[in-house]
Amino acid sequence: MTKVKKVMGWSAFPSLLLFLIFLGINGIITGGLSLSFFRSFIATNAAAICVAIGVTATILVAGTDISLGSIVSLVNVVIVTLCEKGFSVTAAVLIAVGCAILCGMLNGFIIGVMRVNPLLTTFATSTAFAGIALWILPYPGGSIDFSFADWYSSNLLGVIPMPIVMILVLVIIWIIVMSMPAGLQLFALGKDVKKAYASGVNVVALRFFVHTFAGLAAGIAGVCISANTCAGSPSIGATMSMNSIAAAVIGGVSLNGGIGNIWGGIFGAAFLSILISIVVSANLSSFVQSFIQGLILLIGVVFSIIAADKELKAKIKSIFKGGVK
Amino acid sequence: MGLAFRNISKRYGAVVAIKQAQMEIEEGEVRAILGGNGSGKSTLAKVIGGLISRDNGEILFQGKVIDFKSPKDAKKHHVIMTSQELSLFGNLTVEENICICDVPVRGRFTDRKRLKQKAFEILKKMKLESLIGKKVEELAANQQYMVELAKALVQEPKILVIDEITSALYREDVEIVDEIIRDLKSQGCIVLFISHRMVELYAMCDTVTIMRNGETLGTYQMKEKSEDELLSLMVGTRIESYHGEGRHHQNVERDVFIRAPHIPIPTYGTVESLEIGKGEIIGVAGLQGHGQTDLVRALYGVRGGIDIEIDGKIQKIHNAKQAVSRGFAFISGDREKDGTFQERSLSENIAVVQELVKHNKLDNPKEVLDDFHVRYDNPGELITSLSGGNQQKVVVGRWLCTKPRLLLADDPTKGIDVKARTDLHQVFAGLAKEGNAVIMISSDDDELVSITSMVDTSRVIVMYEGRISAVLEGDAINRENISAASMPVNSMPQKDIENREAGAKV
């Protein structure tokens, strides 16, 4: 009973539930769930999940990062352009991920050291990064060697699909950080900057770290999306920034900071992805598609906020108790 | 050689928080710091803890000059400052909170086992080991305070600054705190205790330093001074005294026209009631943050809906707009936040309530400005070009031209000069004399004594922990009575131990 309660009380639980429900709906619509569906689902949406992990990290310290989508685009065009210039795919990928980390560090420097508001900073840098992406590759086009796609659809050690390995890289880094004192301090910082400073927490270093981590997450997302499409587009990540924030909120991550975990971001993003795939497979006209998508997104966000509201829960409970008596 | 402060000064802009503070404390001494609102106690505590930098002066510890750049730096030297507003994280567990300043590690990783054990050992001393595993936001106020103390103790302080216990402690808590402090004392730790609770100060402290207006007035042996002596030292006598005492009208019948039987005080979860007479000025006194602001704002309808009986009719007030339409006005001492529209002109600031809320045309804003003796060049200039006192006169003018029946004022003369203050007092008294009522909070007790002496019917109510602890009328309105009621001597809760463990709400 207590274990059930613990799972129910987990901040990421509502998003997991939403994901499973919509997975079921999707199964009914498409006629059963198959392994190949999962493979293509995860291959298509690993990028969104990675970005959600990155943005969750920044929201946990009461910040945010809306530049991650632009970084994804940047990574994509860098890989394509370098491949066309004759670099090996490996070299292109490493350079592109390096760029993403640098972008994250820039965000982290401005927000952490210079103490500029995270929303404004990343709004400005997102425009700048998107601009650089457009500068490098003004039109969608170019192609990457198909060996990249083959690598992406292969399995590590014969069992773990590569997209999952990509997500696991981020998850493992995060778990390592969480098991260091910095993990505790990160949640403290998210709750209250002043109190954290008074408790001797290194506020600057932590902020710098989360934005660098978010940059890395966007970099890996860029790699996934490039491998999945094997083509370049300077606006490929444009919608990802806001979608990832919605994913985090659905995953029970408080925008005020200090509450939630990356699992929430992961399940939230997975839910959003399955939602999109349902709406697409329902063969609706494209005009209605985004309306319905938005509507369900709104319901999802409201639902998860209600689920996180303790006072409301207590109220519902007391009504329920009164009714039983 | 213990701890010595030499000529410490700190100013925030034009406001002097501490000037030339001097103090010397021996090792193993427990020192109380006593002072009224804004006397600089908390600023001094923050200077020691490395939270803010000082402008002048030096701090010597064991003969060496210490100069902390950050709280982290101070903690390295085992100088620990604890204060309720700056300590616990509600989203973390008790043990995480206790150890957050110095997380035990194995290699580079958090040693969860030792973290728990460390917290357990400290909490066991406090007989609160049952709290382990709980989140801090789930704890009652007294338990949170104990956890806060545990967090300080775990850092092995050499200098411990305890700032403002605002939550009530139960008797057993006090005994435990007492024991812990005696323990620290025997280890040669210096404890600075900032509190308003005289009982606790007498129980735990050896000596007391009095602060007033940012200055340290003197240090005395706790046992040598009676409570009354300490309070009168703390209150002091002012040069520009208001001469209100002894001039109040006695036993005046009041003609009650507003009754508010249920005024919620959300901060403390208490409910108060108030009856307001025509032509009455009610002063609201008490130490900062004891529910005064809640009281006034609740009447204004901004702390949830409230039933108020006006002229015998029960009216529901849910928000400020409804309150204004019932003839209420609200003036806040925090001009920038609640008062002025900074990017707007004087005439717009004057006319805003009358035109936008009450939908009446205000013919001549200039007349209002002149009536209230505002010093200005032309009505079109921005309100920010005026001095603070003149800005406040504009705000008062805005409300008074709506002919309010009840004026609610939350420390309206904060930060304005003596002349402007006196002007405002006269305006308020004039409003009351026309048969309306004024409820005014002030952090300055003298001001309340003075303004209540200006009209026939008046009262001063004193608030303590969300309740009205005293109602003073007539000759009883004086500084001593207000101070005494602000810090009730026998306020120690005499509840049972079970109550404490259950974590009663404060």
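# Reading the terms in this model

Q: Which residue is the bridge partner of R212(B) in strand 12 of chain B?
A: R212(B) has E215(B) as its bridge partner in strand 12 of chain B. Please keep in mind that this is a predicted model, in which local features need pLDDT of at least 70 and side-chain atom pairs count only at pLDDT 80 or more, while totals for chains, interfaces and linings use all residues. Residues are numbered from 1 along each chain as its sequence is written, with chains lettered from A and ligands numbered from 1 in the order in which they are written.

Q: What makes strand 11 of chain B and strand 12 of chain B a pair?
A: Two strands pair if DSSP finds at least two bridges between them. Strand 11 and strand 12 (residues 215-221) of chain B have six bridges, so they pair, in the antiparallel sense. Their hairpin has two residues between the strands, and N213(B) takes a positive phi near 50°.

Q: How do you know that strand 3 of chain B and strand 11 of chain B run parallel or antiparallel?
A: Strand 3 (residues 30-35) and strand 11 (residues 207-212) of chain B run parallel, joined by five bridges. One of the residues involved is A32(B), whose bridge partner in strand 11 of chain B is V208(B).

Q: Why is chain A called as compact as a globular protein of its length?
A: Start with its secondary structure: chain A has 15 helices and four strands (DSSP runs, H or I of at least four residues for helices and E of at least two for strands, numbered from the N terminus). The radius of gyration of chain A is 20 Å, close to the 20 Å that the globule rule gives for 325 residues, so chain A is as compact as a globular protein of that length. The radius is taken over C-alpha atoms, and the rule is 2.2 Å times the number of residues to the power 0.38.

Q: What makes V75(A) a contact of A96(A)?
A: Two residues are in contact if their C-beta atoms, placed from the backbone, lie within 7 Å. Leaving aside neighbours within four places in sequence, V75(A) is in contact with residues including A96(A), V97(A), G219(A) and V223(A).

Q: What makes the largest nonpolar core a core, and which residues have the most contacts inside it?
A: A nonpolar core is a set of buried Ala, Val, Leu, Ile, Met, Phe, Trp, Tyr and Cys residues joined through C-beta atoms within 7 Å; buried means that 20 or more other C-beta atoms lie within 10 Å of a residue's own, again placed from the backbone. The largest such core has 160 residues, with the most contacts at C50(A), V51(A), V72(A), V75(A) and A217(A). Helix 11 (residues 203-229) of chain A gives its largest share, 15 residues. A second, separate core of 70 residues includes I265(B) and I482(B).

Q: How many residues of chain A are in contact with chain B?
A: The count is 18 residues of chain A and 18 residues of chain B. Helix 9 of chain A supplies the largest share of chain A's side, seven residues.

How values were computed:
A residue is buried if 20 or more other C-beta atoms lie within 10 Å of its own, exposed if 12 or fewer, and partly exposed in between; C-beta atoms are placed from the backbone.
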